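Colleague: Could you take me through the charged pairs, the buried side of a helix and the surface of this model?

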Amino acid sequence: MTTFTYSHADADLANQSIGYWSSAAGSAVVHHIRTMLAEMGLTQPQWWIVNQLVDAPEGRSRDEVVAVLRGYLDTGDGALLHDVSALHDRGLITEDAAGRIALTEEGRALWSRTAGRQQKVRAEIHEGITDEEYIGALKVLQRMIHNVGGAAWHH
């Protein structure tokens with residue numbers, strides 16, 4: 001990795017736009033994550049779906065999974081339902097007549113490989129950032145969302 005330096009002195013950073021920096025951070029991090037997932041053969045919404053199923057060997061209803069994920073990055077029901085079908089077509093999940101979806105052994109194996117890579121990506125993203133700094137940043141962002149009447153939730 002290259003050496004990191006801040007863009008401005010602290011006094012100047014205090015006047016920088018949170019809209020710009022939060023958007024730039026979000027774009028860079030999501031791009032980094034999506035690149036890794038693409039290398040594993042998954043889209044980000046497909047990864048979310050697989051994660052909803054990994055701890056449910058008996059499966060979960062398609063509607064329940066979509067309901068939990070529909071607000072993530074404004075993905076929406078249609079795209080999520082498409083991704084459920086794509087995972088099914090690839091043999092990574094099964095679906096019964098009642099609409100319960102579950103991971104296949106191949107799906108579990110892909111989840112395991114991808115989860116290992118995800119841990120490495122998380123470490124890259126968090127390099128040089130303490131847990132206290134990370135928690136503080138999330139609290140600041142959540143408070144700003146609240147201050148402007150926004151709504152955000154992540155399980």
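Colleague: Is arginine 117 buried, partly exposed or exposed?

Modeller: This is a predicted model, in which local features need pLDDT of at least 70 and side-chain atom pairs count only at pLDDT 80 or more, while totals for chains, interfaces and linings use all residues. Residues are numbered from 1 along each chain as its sequence is written, and side-chain values use heavy atoms, with hydrogens and water left out. Buried means under 20% relative accessible area, exposed over 50% and partly exposed in between, with a 1.4 Å probe and protein chains only. Because its relative accessible area is 29%, arginine 117 counts as partly exposed.

Colleague: With which residue does arginine 117 form a salt bridge?

Modeller: Side chains of opposite charge can pair when their charged atoms come close. A salt bridge here is a side-chain nitrogen of Lys or Arg within 4 Å of a carboxyl oxygen of Asp or Glu, and for arginine 117 the closest N and O atoms are 2.6 Å apart, the partner being glutamate 39. The pair links distant parts of the chain, 78 residues apart, with arginine 117 in helix α6 (residues 105-126) and glutamate 39 in helix α2 (residues 18-39); helices are DSSP runs of H or I with at least four residues, strands are runs of E with at least two, and both are numbered from the N terminus.

Colleague: Which residue meets glutamate 95 in a salt bridge?

Modeller: The N to O distance of this bridge is 2.6 Å, and the partner of glutamate 95 is arginine 62. The two are 33 residues apart and link distant parts of the chain, glutamate 95 lying in strand β2 and arginine 62 in helix α4. Glutamate 95 is partly exposed at 30%, whereas the residue that counts as buried, at 18% relative accessibility, is arginine 62.

Colleague: Why do the buried residues of α4 lie on the same side?

Modeller: The buried residues of helix α4 (residues 62-69) are Arg62, Val65, Val66 and Leu69. They are on the same side of α4 because the arc they cover around the axis, taken from the directions from the helix axis to the C-beta atoms, is only 95°.

Colleague: Which helix gives the most to the nonpolar patch?

Modeller: Among the residues of this surface patch are Ile18, Tyr134 and Val140, and valine 140 is partly exposed at 44%. With six residues, the largest contribution comes from helix α7.

Methods:
Patch = residues over 30% accessible without salt bridge, like charges linked within 9 Å, V, L, I, M, F, W, Y side chains within 5 Å. Areas by Shrake-Rupley, 256 points an atom, 1.4 Å probe, with all protein chains shown as cover.
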